[in-house]
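Below is a short briefing on one protein chain.

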Amino acid sequence: MHTEQAIIIPVYNGAMYLPETFLELGELVKNHQIIFVNDGSTDETGALLEKFHKEHTPTVTVIEYLENKGKGYAIREGLQKIAKECTEVAFTDVEIPYGIQALQSGFHLLEENDDLSFVYGTRTAAAKTESQYSLYRKIGTRLFRLLLPRELRNVSDTQSGLKVFKKKAAEIIFSRVKTNRWVFDTEIF
């Protein structure tokens with residue numbers, strides 16, 4: 001396997017999303033390292049991931065453990081499996097809410113800009129996510145932003161499900177992240 005870009009996809013009970021995700025990944029499985037982390041799923045996620053892994057070895061890796069430990073933990077586990085030759089790493093949610101083009105744009109931005117080490121998606125820029133969130137979720141998001149440290153309030157979307165890093169930056173940042181559950185994103189920033 002020779003690839004310079006890795007994609008980590010943490011999955012918890014994502015069986016309903018995986019068939020579409022596999023299709024959406026399309027040609028990326030040929031020239032990217034794809035690492036699925038099954039974060040203690042209790043549905044058919046494990047079986048679906050194993051089948052996809054068998055069809056796309058060696059570029060697809062599956063990490064599994066029985067107890068749900070959280071997205072932050074899952075991503076740290078995925079980082080440990082990245083190939084040595086990888087120079088960039090991304091993580092995204094199982095339903096790939098920002099689309100493959102946004103993921104590829106993140107990699108492209110890092111390749112073209114030596115001074116960048118990290119880029120992230122925002123829900124405001126993602127048409128695919130606009131209809132996903134109820135009024136309750138939108139109000140909750142605004143309340144959460146009020147609780148963020150002052151330095152982070154200017155970040156448009158700390159909880160976005162798309163982040164792309166230079167590998168070295170990801171290793172440094174995630175070595176310092178202590179939170180395993182969903183708010184680990186705020187530690188990244």
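How close do the axes of α1 and α3 come, and at what angle do they cross? The axes of α1 and α3 come within 11 Å and cross at roughly 25°; axes here are lines fitted to C-alpha atoms, for helices over the stretch in contact, and angles run from 0 to 180 degrees between N-to-C directions. The model is predicted: local features need pLDDT of at least 70 and side-chain atom pairs count only at pLDDT 80 or more, while totals for chains, interfaces and linings use all residues. Residues are numbered from 1 along each chain as its sequence is written, and side-chain values use heavy atoms, with hydrogens and water left out.

**Overall make-up**

- The chain has 9 helices and 6 strands, taken as DSSP runs numbered from the N terminus (helices H or I, at least four residues; strands E, at least two).
- Of its 189 residues, 48% count as buried; buried means under 20% relative accessible area, exposed over 50%, and partly exposed in between (1.4 Å probe, protein chains only).
- Among contacts (heavy atoms within 4.5 Å) between residues at least 6 apart in sequence, 79% join residues at least 24 apart.

**Packing of α1 and α3**

- On the α1 side, Leu 18, Phe 22 and Leu 25 make the contact, and on the α3 side Thr 45, Leu 48, Leu 49 and Phe 52 do.
- Within α3, the residues Thr 45, Gly 46, Leu 49 and Phe 52 are buried.
- Seen down the axis of α3, these buried residues fall within an arc of 135°, so they line one face of the helix; the arc is that of the directions from the helix axis to the C-beta atoms.
- They pack against β1, α1, α2, β2 and β3.
- Lys 51 and Lys 54 are exposed residues on the face of α3 turned away from its buried side.

**Nonpolar cores**

- A nonpolar core is a set of buried Ala, Val, Leu, Ile, Met, Phe, Trp, Tyr and Cys residues joined through side-chain atoms within 4.5 Å.
- The largest one has 25 residues, of which Ile 9, Leu 25, Ile 34, Phe 36 and Leu 103 touch the most other members.
- Elements giving two or more residues to this core include β1 (5-11), β2 (33-39), α3 (45-55) and α5 (99-112).
- The most comes from α5, with 4 residues.
- Apart from this core lies another, of 18 residues, among them Ile 75, Leu 79, Phe 91 and Phe 165.

**Helix α8**

- Lys 167, Ala 169, Ala 170 and Phe 174 are buried in α8 (residues 167-176).
- Viewed down the axis of α8, its buried residues fall within an arc of 150°, so they line one face of the helix.
- The face turned away from that buried side carries the exposed residues Lys 168 and Arg 176.

**Single residues**

- Thr 21 lies in helix α1 and is buried, with a relative accessible area of 2%.
- Thr 21 touches Val 94, Glu 95 and Ile 96, not counting residues up to four places away in sequence.
- Pro 97 is found in the loop between β4 (88-92) and α5 and counts as buried at 3% relative accessibility.
- The C-alpha atoms of Pro 97 and Leu 162 are separated by 8.3 Å, although the two are 65 residues apart along the chain.
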